[in-house]
Amino acid sequence: METYIVYINDGEAARRQIVAFIEGRGPDRWVLVGCPPRLPRHSGRFLSQPALKRWRADWTRDALEDVVELLTSRGHEVITKVVHVPLIAYTRQLRGEFGQGARLLDARRPRGSTPLEPITNEQQGERPDAWG
């Protein structure tokens with residue numbers, strides 16, 4: 001059983017990528033990492049840390065609902081997580097939890113002109129896997 005760690009910020013875009021990727025594959029373990037959008041500066045100022053964590057968890061549950069349903073209906077094991085720290089640090093944590101052999105897949109969709117935060121530190125030889 002292979003383990004895939006997938007970073008997602010748009011459930012529908014990720015679902016389209018995953019459908020094409022899992023066609024003809026046997027059951028695998030999928031760790032879906034929700035990457036909620038940042039709240040505007042003024043909104044985030046008035047939320048407590050527990051409220052902010054709850055909002056991120058709710059956002060992740062709603063965004064990943066279709067992807068989880070798709071994967072479980074085809075016999076895959078699914079684990080969902082919510083990122084609360086910088087992605088490079090979270091990737092190291094997940095690699096420690098699921099092993100260095102876990103494949104990293106970045107299914108995040110760019111929003112506007114803001115570049116996406118990296119999920120690995122390429123200077124240290126870490127690279128996410130390509131879809132396909």
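Is threonine 91 buried or exposed? I found 4% relative accessibility, so threonine 91 counts as buried (buried is under 20% relative accessible area, exposed over 50%, partly exposed in between, with a 1.4 Å probe and protein chains only).

I note that this is a predicted model, where local features need pLDDT of at least 70, side-chain atom pairs count only at pLDDT 80 or more, and totals for chains, interfaces and linings use all residues. Residues are numbered from 1 along each chain as its sequence is written, and side-chain values use heavy atoms, with hydrogens and water left out.

I placed threonine 91 in helix H4, residues 87–98 (helices are DSSP runs of H or I, at least four residues, and strands are runs of E, at least two, numbered from the N terminus). Beyond its neighbours within four places in sequence, threonine 91 touches Tyr7, Leu104, Ile119 and Thr120 (contact means heavy atoms within 4.5 Å).

Next I looked up the aromatic rings and found 3 pairs (Phe, Tyr and Trp rings, the six-membered one for Trp, pair with centres within 6.5 Å; planes under 30 degrees apart are stacked, over 60 edge-to-face, the rest tilted). The ring centres of tyrosine 4 and phenylalanine 21 are 5.3 Å apart with planes at 85 degrees, so this pair is edge-to-face. Tyrosine 4 belongs to strand S1 and phenylalanine 21 to helix H1, 17 residues apart. Phenylalanine 21 and tryptophan 30 are also edge-to-face, with centres 6.0 Å apart and planes at 90 degrees. I logged Tyr4, Phe21 and Trp30 as one aromatic cluster.
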